[in-house]
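I opened my notebook next to a new structure today. Here is what I looked up, one entry at a time.

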Amino acid sequence: MTEVELVATALATGAAAGLTDTSRGVVHDLHTVLRDAVRRRLSDGGDGVRGGYGVRVLHAYETDPDVWRTRLLQVLASGLEMDEEILGAARAVLRADRRTGHVIVDVVGS
């Protein structure tokens, strides 16, 4: 799994946790940290695109990950720096989700 795929998977996992199961509050909270870190980076033009396109794709991805996954992967891969804040938050979401027993994701380096 690439860093971009790791972040996209964690974003989808966290969004699903917030929508489907209130007992998974920790996953949702960690997802909020991740989403906010990605949003800040995209807002700063970290995706190489001015005008908020990346932020709009991020919001759309949260509502329908199946439809927006390819575009989000493109935005994340277009020069967005995957620093430890973002990668650590993504790993935390997936680890917390694994602990709930809902989804098993093999995360390299976690």
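**Entry: a loop glycine.** I began with Gly52, which sits in the loop between α2 and α3. For the names, I count helices (DSSP runs of H or I, at least four residues) and strands (runs of E, at least two), numbered from the N terminus. Gly52 is partly exposed, because its relative accessible area is 26%. My scale: buried is under 20% relative accessible area, exposed is over 50%, and partly exposed lies in between, with a 1.4 Å probe and protein chains only. From Gly52 to Arg39, 13 residues apart along the chain, I read 9.6 Å between C-alpha atoms.

**Entry: ground rules.** I am looking at a predicted model, where local features need pLDDT of at least 70 and side-chain atom pairs count only at pLDDT 80 or more, while totals for chains, interfaces and linings use all residues. Residues are numbered from 1 along each chain as its sequence is written, and side-chain values use heavy atoms, with hydrogens and water left out.

**Entry: the whole chain.** I found five helices and zero strands, so my sketch from the N terminus on reads α-α-α-α-α. Of the 110 residues, 45% count as buried. I also looked at contacts (heavy atoms within 4.5 Å). Among those with a separation of 6 or more, 63% join residues 24 or more positions apart.

**Entry: two helices side by side.** At what angle do α2 and α3 pack? I noted about 155° for α2 (residues 25–43) and α3 (residues 53–63), with axes 8 Å apart. That makes α2 roughly antiparallel to α3. The axes are lines fitted to C-alpha atoms, for helices over the stretch in contact, and angles run from 0 to 180 degrees between N-to-C directions. Under 35 degrees is roughly parallel, over 145 roughly antiparallel, 65 to 115 roughly perpendicular, and the rest oblique. On the α2 side I listed His31, Arg35, Val38, Arg39, Leu42 and Ser43, which meet Gly54, Val55, Leu58, His59 and Glu62 of α3.

**Entry: Glu62.** I then picked Glu62, in helix α3. Is Glu62 buried or exposed? Glu62 is buried, because its relative accessible area is 18%. Leaving out residues up to four places away in sequence, Glu62 touches Ala15, His31 and Arg35.

**Entry: the core.** In soluble globular proteins, nonpolar side chains tend to be buried together. I looked for a nonpolar core, meaning a set of buried Ala, Val, Leu, Ile, Met, Phe, Trp, Tyr and Cys residues joined through side-chain atoms within 4.5 Å. The largest has 28 residues, and Val7, Leu34, Val38, Leu72, Leu76 and Met82 touch the most other members. The elements giving two or more residues to this core are α1, α2, α3, α4 (65–77) and α5 (84–100).

**Entry: Val7 and Met82.** Val7 lies in helix α1 and is buried, because its relative accessibility is 0%. Beyond four places in sequence, Val7 is in contact with Leu34, Val38, Leu76, Met82, Ile86, Leu87 and Ala90. I also noted that Val7 and Gly88 are 81 residues apart in sequence and 9.5 Å apart, C-alpha to C-alpha.

**Entry: a bent helix.** Where is the kink in α4 centred? I found it on Arg71, at about 30°. The bend at a residue is the angle between axes fitted to the seven residues ending there and the seven starting there. In α4, I also marked Leu72, Val75 and Leu76 as buried.
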